[in-house]
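Have the model open as you read.

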Amino acid sequence: MYTEIICSCEEYAQKGCIVYATARNLETMDFKHQGIRKLKLDVVNGEEVLRIVKAVIDDKDKIDILVNNAGTNCAGKYSIVQTMHNLM
């Protein structure tokens, strides 16, 4: 996992933010802050992405900030973006 993302998660958690971190392999996430919530997620699996987003929203009612460091650049269909919006 990239050092910059780990530092961002740690800094947000240190400031009192609720942080959910995702990865395909939970063992790759080595955080010092114990409050960071780790969730298993493969971002190429659309159903899994929707399940995780829904779980976070069900837990905290909203997502204030999303930092994505996965995958490569690609264009998506508007319907996918709209589906994500409807979950929020």
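Buried residues, meaning those under 20% relative accessible area with a 1.4 Å probe and only protein chains counted, make up 20% of the 88 residues in the chain. Bear in mind that this is a predicted model: local features need pLDDT of at least 70, side-chain atom pairs count only at pLDDT 80 or more, and totals for chains, interfaces and linings use all residues. Numbering starts from 1 along each chain as its sequence is written, and side-chain values use heavy atoms, with hydrogens and water left out.

The accessible surface of the chain (Shrake-Rupley method, 1.4 Å probe) comes to about 7,100 Å², and 52% of that belongs to carbon and sulfur atoms.

As for the fold, the chain has three helices and two strands, running α-β-β-α-α from the N terminus. These are DSSP runs, with helices being H or I of at least four residues and strands E of at least two.

| Residue | Relative accessibility | Class |
|---|---|---|
| Cys-9 | 12% | buried |
| Cys-17 | 39% | partly exposed |

The disulfide count is zero, taking a disulfide as a pair of cysteine sulfur atoms within 2.5 Å.

Then there's Glu-10, in helix 1 (residues 3-14). Leaving aside residues up to four places away in sequence, Glu-10 touches Asp-30, Phe-31, Lys-32, His-33 and Ile-36, where contact means heavy atoms within 4.5 Å.

Definitions and conventions. Buried < 20%, exposed > 50% of the residue type's maximum accessible area, 1.4 Å probe, protein only.
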